[in-house]
Every structure is written in C-alpha cells, then in structure tokens.
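Hi,

Here is the model I said I would pass on.

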Amino acid sequence: MRDLTVEFADRGLLALDGVDLEVDAGERVALLGPSGAGKSTLLRALLGAVPAVGTVRVGGRDPYGRSTREIRRNAGFLRQGDDLILGVSGRLNALMGTVAGWRLRDWCKVLSGRAPSGYADRFAELAARHGVVDCLSARASQLSGGQRQRVALIRALLPAPGLLLADEPTTGLDPVTSAEAVRALHEADATVIAATHDLTVAATFPRVVALREGRVVHDGPPIDETISAKIYQQEKV
Amino acid sequence: MLVWAVHGAGLSVGELVAGRDGARELLSGFLSPDLSGEFLATIGGAIVQTTQISLAGLLLAAIVGMPFAVLLARNVEAPAPVRGAVRLSAAFLRGVPDLLWALLFVAMIGPGPAAGALAVALHGAGMLAKLGAEQLEAVKPGPIEALRLVGANRTSVALLGVVPEARANLASLLLYQWECNVRTSTVLGFVGAGGIGQELAVSLTLFRYDELSTLVLAVLALILAVDLLSRLIRRRLGAVA
C-alpha cells in the first residue's frame with residue numbers, strides 16, 4: 001500500500017494517515033499499536049472494506065476495484081472468537097468460509113453439517129488438530145470462549161487462504177488457547193498479518209509494524225522495550 | 001380542538017342516556033349466556049375455523065413476508081432497486097387494512113374462511129416484512145462482517161449469518177403475528193370472511209345477546225389461550241422480542 005489514508009468523516013476520525021507498507025508473499029507481520037492506532041482499519045483496507053484514499057494492491061490486484069470478492073475469497077479473516085454465528089452449530093460456523101459461491105451441492109452439504117467436496121480431509125484434520133471434534137455439534141452459543149476461538153480459527157484456515165488476516169486474535173483468551181492461536185498463525189501456509197496490542201504476541205513475529213495515530217512509527221524486527229514503552233507512553237500523553 | 005373532535009364524533013351524554021334500554025337488554029343477555037350443547041358445538045366449530053384462518057394466514061404471510069424481510073434488511077445489502085421494490089410492496093400490503101383486504105377477497109372469491117385467511121395473510125406479510133427486517137438488522141454486526149470479509153456473497157451472508165443470528169427473535173415475531181391474526185380473524189367474520197366473527201355478526205343482528213355473551217367469552221378464552229401458548233413457546237426459545 002502506498003500513501004493510504006482512511007478517514008471516517010462521520011466520526012471525524014483519521015484512522016490511517018498516509019501509510020506506506022509492503023509485505024512479501026509468505027511473510028509474517030505483526031501490526032502493533034494501542035487501541036485506535038489504525039490496526040483493524042489497515043486489515044480491512046486490504047479487503048476493500050473501509051473507504052480509503054491511496055493505493056492498495058493485494059497480489060497485484062486492487063481490493064477497491066473489480067477484484068474485491070476474489071481477494072476476499074483468497075483471504076482468511078480471524079477476529080476474536082465472539083464473531084461466530086451463535087444460533088447455529090460450531091460445525092456450520094467452521095464450514096461457512098467454504099460456501100462463497102452458488103454451488104447447490106456445496107450448500108446442501110454445509111447446511112447438513114458436512115464439508116463440501118475438496119474440504120472434507122482438511123476439515124477433519126484441522127478439527128482434530130485443534131481438539132474440537134467433540135464439540136462441533138453443539139451450538140456456538142454453548143461453546144466456551146476457547147472453543148469458539150478454535151472454531152473461528154478453523155473457519156479462517158479451512159479454505160487454505162493465501163492471505164491470513166487476524167484482528168486481535170488472542171484478546172480474551174486464556175494463555176493456552178492464546179498460544180495455540182499464535183502457533184496456528186505461524187504454521188499457516190499463507191501471508192499472515194496479525195493486528196495485536198499484545199507485545200508478547202508481536203514479539204513472536206519476525207517483522208513488527210507499529211502504528212500510532214494512523215501512522216507507521218516502526219517497521220522492522222520486534223521492538224525492544226524502550227521503543228514500545230515510548231509508543232504506549234506517548235499514547236497516554 | 002378537543003371540543004371540536006368530541007362534537008364531530010357525535011359523543012354526548014344524551015346519546016348514552018337514550019341508549020340505556022338497549023344497554024339494559026344487552027347486559028341482561030350477557031348475564032345469561034347460552035350454554036346449550038348445540039350452541040356450544042357451533043361455537044367449537046367456529047373457534048376451530050378461526051384458528052385455522054389465523055394459522056393458514058400466518059403460513060402464507062411468512063412465505064411472502066420473511067423473504068421480503070431478508071431483502072429489506074440493510075445488513076443483507078440487497079441491490080437498491082430490489083430493496084426499493086420490496087419496500088414499496090410491503091408498505092402497500094400492510095397499508096391496506098386487513099378488514100379492507102377481507103372485503104376485497106369476499107367480493108372476489110365469495111364469503112368464507114378462505115377470504116379471511118387471504119386477508120390476514122396479505123396484511124400480515126407486510127407487517128412481517130417490516131418487523132422482520134428490524135429484527136434482522138438488530139443482529140450483532142461482528143459475525144456478519146467476518147463472513148463478508150471472507151468473500152461470502154449476499155445469499156451466504158443472509159442465510160448463514162443474518163437469519164440464524166435472528167432466528168429466535170424471528171420465531172417470536174411469528175408467534176406475535178399469530179396472536180394478531182387470531183384477534184383479526186375474530187372480526188373479519190363480520191364482513192363474511194368466516195370464523196367466529198360470522199357467528200358474532202349473526203347473533204348481534206338477531207339481538208341474541210345470550211348467544212353473544214357466550215361468543216364473547218369464547219373469543220376471550222381463545223385469545224388468552226393463544227397468548228399463553230405463544231408466551232410459553234417464546235420463553236422456551238429464549239427470544240428477546
């Protein structure tokens with residue numbers, strides 16, 4: 001992205017202010033910053049989901065052009081586990097990312113709780129790896145926070161996305177589930193960009209981009225405590 | 001303005017005093033309801049028919065109104081021309097009072113419960129479209145955004161996200177609409193659209209206040225029973241609405 005600016009005029013908020021950022025295919029990047037720094041907005045800009053001025057390209061394609069849906073279908077988006085559809089089963093939630101199109105056969109399979117063709121093996125493997133095989137039949141509303149996050153993780157990973165975006169993926173999780181979520185991000189065969197305000201999570205990434213008030217204030221290896229303290233201290237002022 | 005309104009409506013103490021004999025007759029009839037087996041059997045049949053009208057009307061209203069609600073809901077993001085057309089149709093359906101729909105259907109297909117069922121169905125469809133859309137729009141935006149951000153199309157977003165999230169409240173809305181249908185169905189009989197209303201109209205025309213008393217009690221019992229049943233189901237569903 002080049003000189004990317006996102007302004008929410010209705011709220012009088014400049015969320016991103018002339019951001020330049022280049023991420024190579026397969027790279028793993030942590031977006032670090034305090035609340036309101038623009039991390040979530042940057043992730044959404046990559047999927048053409050916020051009004052932006054500037055240039056954004058994802059794999060050479062413009063998410064604000066005709067390629068929006070194509071880019072989104074090749075992306076996994078992971079938020080905190082509370083973004084599941086609570087009225088349906090964990091299994092249906094996990095499979096939702098696989099029915100972006102109109103194939104009636106896929107629809108019927110997913111609605112009956114089975115993975116569409118081409119996804120069955122991967123679904124079984126992910127469910128087993130994340131230890132949710134036994135709880136997938138329960139309604140999402142009956143799952144614990146950790147189980148919901150694991151289901152959300154499977155939903156994001158199942159379509160084998162080339163780009164995996166995670167927005168505060170560890171917020172509200174216990175240390176074990178949190179570590180599991182971070183490990184899954186590192187193991188994913190994709191370009192990973194994870195927004196977090198957690199310094200320890202960011203430190204596990206080889207590259208950290210720190211944002212403050214919509215601007216990039218650090219781009220490089222994990223930042224040391226002096227720099228991070230400065231970022232957060234400035235926020236308090 | 002109040003005086004003007006009262007005068008225009010023809011409200012006066014004189015009118016009430018003049019009607020005291022009629023009131024006395026009505027009240028004495030009400031105090032001795034007709035509980036003969038034959039009449040109770042007639043009422044039973046009429047109650048069943050009223051329930052059938054209300055349920056058939058609800059089914060048809062749901063078939064039309066629920067898809068309308070989905071297309072109207074802003075978070076489904078249906079194409080603007082489609083949404084506009086649906087909004088106009090829904091406004092027309094609920095804008096025409098159910099009594100007028102009943103008169104139109106009685107004129108078209110003749111008197112009987114079918115006219116009543118179609119009348120409550122069309123008006124109900126308009127109501128369900130509007131109220132259903134409000135329930136759908138009230139769902140948590142986060143899960144819907146998550147679906148949209150992974151390339152889900154409008155159909156996926158609507159059928160896998162928005163509708164399941166609002167399922168309990170939509171079911172509650174259908175139950176509420178059923179209650180309304182029952183109340184409406186008791187009145188539609190006055191214009192020939194079947195059900196217990198038709199019996200009410202006959203007894204009233206023939207000044208059979210003893211029968212009228214039994215019918216009013218039966219209507220009250222029906223409405224209370226439906227209300228209670230609906231509340232029980234809603235509680236079980238854990239719906240907010």
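Predicted model: local features only at pLDDT ≥ 70, side-chain atom pairs only at ≥ 80, totals over all residues.

**How chain A is divided**

Chain A comes in two domains: domain 1 takes in 1–74 + 161–237, and domain 2 covers 85–159. If you take the C-alpha centres of domain 1 and domain 2 of chain A, they sit 26 Å apart. Where the two meet, ten residues of domain 1 of chain A are in contact with eight residues of domain 2 of chain A. Which element gives the most to the side of domain 1 of chain A that touches domain 2 of chain A? That would be helix 7 (residues 175–187) of chain A, with three residues. By class, that side of domain 1 of chain A has six nonpolar, two polar and two charged residues.

**The three-stranded sheet in chain A**

Chain A has an open sheet of three strands in the order 2-1-4, with antiparallel pairing. Strand 2 (13–19) and strand 4 (52–55) of chain A are at the edges, each pairing on one side only. From one strand to the next, the twist averages 5°. Helix 1 (residues 39–46) of chain A packs on this sheet and touches strand 1, strand 2 and strand 4 of chain A. The direction of helix 1 makes about 65° with that of strand 2 of chain A.

As for the pairing itself, strand 1 (residues 2–8) of chain A runs antiparallel to strand 2 of chain A, and four bridges join them. V6(A) is opposite L16(A) in strand 2 of chain A, while L4(A) has V19(A) of that strand as its bridge partner. Strands 1 and 2 of chain A also form a hairpin, with four residues between them. Have a look at G12(A) in the turn, which has a positive phi of about 60°.

Strand 1 of chain A is joined to strand 4 of chain A by three bridges, and this pair runs antiparallel too. Here R2(A) has T55(A) in strand 4 of chain A as its bridge partner.

**The six-stranded sheet in chain A**

There is also an open sheet of six strands in chain A, in the order 5-6-7-3-8-9, and its pairing is mixed. What are its edge strands? They are strand 5 and strand 9 (215–220) of chain A, each of which pairs on one side only. Leaving direction aside, neighbouring strands of this sheet are turned by 15° against each other on average.

Strand 8 (residues 207–212) of chain A and strand 9 of chain A run antiparallel, joined by five bridges. Within that pair, V209(A) has D219(A) in strand 9 of chain A as its bridge partner. Helix 6 (residues 145–157) of chain A packs on the sheet, touching strand 5 and strand 6 (163–167) of chain A. Its direction makes about 165° with that of strand 5 of chain A.

**Where chain A touches chain B**

How many residues are in contact across the two chains? It is 20 residues of chain A with 16 residues of chain B. Helix 2 (68–73) and strand 5 (75–78) of chain A each supply at least two residues to the side of chain A that touches chain B. The residues on that side of chain A divide into eleven nonpolar, three polar and six charged.

**Two helix pairs in chain B**

Helix 8 (residues 141–149) and helix 9 (residues 154–165) of chain B pack at an angle of about 165°, with their axes 10 Å apart. Helix 8 of chain B is therefore roughly antiparallel to helix 9 of chain B. The crossing of helix 8 and helix 9 of chain B is right-handed. On the helix 8 side of chain B, the contact is made by P143(B), I144(B), L147(B) and R148(B). Helix 9 of chain B brings S156(B), V157(B), L160(B), G161(B), V162(B) and E165(B). Six residues of this contact between helix 8 and helix 9 of chain B are nonpolar, two polar and two charged.

The other pair is helix 3 (residues 20–31) and helix 12 (residues 209–237) of chain B, whose axes come within 7 Å and cross at roughly 60°. Helix 3 and helix 12 of chain B are therefore oblique to each other. Helix 3 of chain B passes helix 12 of chain B in a right-handed crossing. The contact takes E25(B), L26(B), G29(B) and F30(B) from helix 3 of chain B, and Y209(B), D210(B), L212(B) and S213(B) from helix 12 of chain B. That makes a contact of four nonpolar, two polar and two charged residues between helix 3 and helix 12 of chain B.

Cheers

How values were computed. Residues numbered from 1 in each chain as written. Chains lettered and ligands numbered in written order. Axes fitted to C-alpha atoms, helices over the stretch in contact; angles between N-to-C directions. Parallel < 35°, antiparallel > 145°, perpendicular 65-115°, else oblique. Left-handed = near helix turned anticlockwise from the far one by under 90°. Contact = placed C-beta atoms within 7 Å. Nonpolar A, V, L, I, M, F, W, Y, C, P; charged D, E, K, R; others polar. Pairing = 2+ DSSP bridges. Domains from an automatic or database assignment.
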